Amino acid sequence: MERDTVPHVVILPLPLLGHVKPMLTLAELLCDAGFLITFVNSDYNHDRLERVMDIPAFYNRSPGFRFVSISDGLPIDQPRLGPIIFQLFFNTRTVSKPLFRELLISLRQSTERSPPTCIIADGLMCFAIDVAEELGVPIITFPTHGSHGMWTIMHTSNLIEEGEVPFQEESDMDKPITSIPGMESLLRRRDLPGNCRLEVENPLMEFIISEASAMKRASTLILNTFEELEAPIIAHLSSFFDKVYTIGPLHALLKTRIKDSSQSVSSYGSLKKEDSSCMEWLNSKPLKSVIYVSFGSVVELSRDQLIEFWHGLVNSRKPFLWVVRPGLVEGNEELGQISEELEQGTKEKGYMVSWAPQEEILAHPSVGGFLTHSGWNSTLESIFEGVPMICWPQVADQQVNGRCVSNLWRVGFDMKDTCDRFIIEKIVRDLMEDKREEIIRSTNEIARMARGSVKENGSSYCNLERLIEDLRLMSL
Ligand code: UDX
């Protein structure tokens, strides 16, 4: 291939772990197809990546891949947690947009690599569409949520017009949602994204509505899902976009296509050092006996909520492996003294780590259930491994994901809006034993479909081939 016809894809994630990880995986798959990749990190995330990964060694193995970084407008030493994340959203437009524009211009002028032939930008970084249109570079949008989450977010303004949002009264919470086509019999108000509980006139709502509307200007959509899981909603999305590529679960597709994926850049995608000591502990546990607990990278718990979960887990008498990451408790509050009962129960049944190799854990034969915040990556990883879930969703698309898990795909139970030790104890027992029968068949069946989708000739595998081919055509 001539140098000037090599596709050069610029990849721009929202600078939060749950978005960076799937984008890195896609970047790696495209690099493996022979493309040049420029991956745009925030300075903050790049600093974190450099701490866990030998980037020069990676460049030697993948000479077409380059990282660049731009500011997200927040101080480099400030953890991206809690309300500060909203500031991060707003900064993308004021701080990141001009920096991204400058970057694209310099990439076009560079004599070292051929100019960008396409941009793939996060669905919450729509300023990139303005820049792409101005500079005449084709752009594809990649909202890293699932299709149901995405479709719901795209209907935020309809929900407001129809008076279904906002809602605050507990008595309104179980009313069915009627203004999202294709999801009429699925969602209740409590299943809508967390921001729908806020007043309509607030900057976050404005941001979400305008991003959802701008995204449609990108005519092409990539989704980290598989056709067999979300076909009806994917069909609805296809009426808004000329082309839709469903290529998930991306983490699994990477393993199919790149045989030695242990050295892959996306294995560092969680930007944190993993504590693998728990694998030995897992090895000592019986088949499907352990409940794995993790609330992802941004959800925070109050001290009281943490204590309720802890009691519920200890009282369930099931072995539990729990990720208690720094910053999990709101405001980094000290836990203070814990009861003897908790201490003893944890010694007997529990294992805690500050960050875990989650994909490996979910694939481990001793793991029989996952208590999760229902972030989309965690949901897909659990679905793929056939591990049923207990959902405790908090923000963004998580509420929708939890509802799909429990009432559409029937691969788990949803305990949203509750946090009580007795409920937790019971739901853990239900998942691991008492009501496992109710969900295990569909969990296995959907896992089988997920595996099929990433195999050669599977739907996601073929869609990635199509995407690669179309990106090649763009560079001619
Ligand atoms: C955020 C939002 O919360 C979520 O709603 C949205 O869908 C994506 O962005 P996050 O909290 O990061 O997600 O959760 P999730 O999407 O589940 O991603 C977490 C990732 O971190 C997963 O890929 C998981 O494997 C990884 N992880 C988590 C680890 O590697 N180790 C851990 O200990 C915990």
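This briefing covers the overall fold, the ligand shell, the nonpolar core and selected local features of the structure.

The model is predicted: local features need pLDDT of at least 70, side-chain atom pairs count only at pLDDT 80 or more, and totals for chains, interfaces and linings use all residues. Residues are numbered from 1 along each chain as its sequence is written. The protein averages a pLDDT of 94, and 99% of the residues score at least 70; pLDDT is the predictor's confidence in each residue, from 0 to 100. For the complex, the predictor gives an ipTM of 0.98 and a pTM of 0.97.

**Overall fold**

- The protein has 19 helices and 13 strands; these are DSSP runs, with helices H or I of at least four residues and strands E of at least two, numbered from the N terminus.
- Its radius of gyration is 22 Å, close to the 23 Å that the globule rule gives for 476 residues, so the protein is as compact as a globular protein of that length. The radius is taken over C-alpha atoms, and the rule is 2.2 Å times the number of residues to the power 0.38.
- Along the principal axes, the C-alpha atoms fill a box of roughly 65 × 50 × 45 Å.
- Of the 476 residues, 48% count as buried. Buried means 20 or more other C-beta atoms within 10 Å of the residue's own, exposed means 12 or fewer, and partly exposed lies in between, with C-beta atoms placed from the backbone.
- Among contacts between residues at least 6 apart in sequence, 72% join residues at least 24 apart. A contact requires C-beta atoms, placed from the backbone, within 7 Å.

**Ligand shell**

- The shell around the ligand holds 26 residues, of which Gly18, Gly296, Gln358, Gly375 and Ser378 come nearest. A residue is near if its C-beta atom, placed from the backbone, lies within 6 Å.
- Helices α1 (17-32), α14 (358-362) and α15 (376-385) each supply at least two residues of this shell.
- By class, the shell has 9 nonpolar, 13 polar and 4 charged residues. Ala, Val, Leu, Ile, Met, Phe, Trp, Tyr, Cys and Pro count as nonpolar, Asp, Glu, Lys and Arg as charged, and the others, Gly among them, as polar.

**Nonpolar core and buried elements**

- The largest nonpolar core has 129 residues, and Ile11, Ile37, Ile119, Ile120, Ala128 and Ile390 have the most contacts inside it. The largest share of this core, 9 residues, comes from α1. Such a core is a set of buried Ala, Val, Leu, Ile, Met, Phe, Trp, Tyr and Cys residues joined through C-beta atoms within 7 Å.
- Not counting residues up to four places away in sequence, Ile390 touches Gly369, Leu371, Gly412, Phe413, Met415, Ile427, Val428 and Leu431.
- In helix α6 (residues 147-154), 8 of the 8 residues are buried, so the helix is largely enclosed by the rest of the structure. Its cover includes α7 (156-161), α8 (203-215), β6 (220-223), α9 (227-238), α15 and α16 (398-408).
- Leu124 sits in the loop between β4 (118-122) and α5 (127-135). Leu124 is buried, with 25 other C-beta atoms within 10 Å.

**Backbone features**

- The Val165 to Pro166 peptide bond is cis, with omega near 0°; Pro166 is in the loop between α7 and α8.
- Gly248 and Pro249 are also joined by a cis peptide bond, with omega about -10°.
- Ser219, in the loop between α8 and β6, has a positive phi near 50°.
- Lys288 has a positive phi of about 55° although it is not a glycine. Lys288 counts as partly exposed, with 17 C-beta neighbours inside 10 Å.

Technical notes: Two residues are in contact if their C-beta atoms, placed from the backbone, lie within 7 Å.
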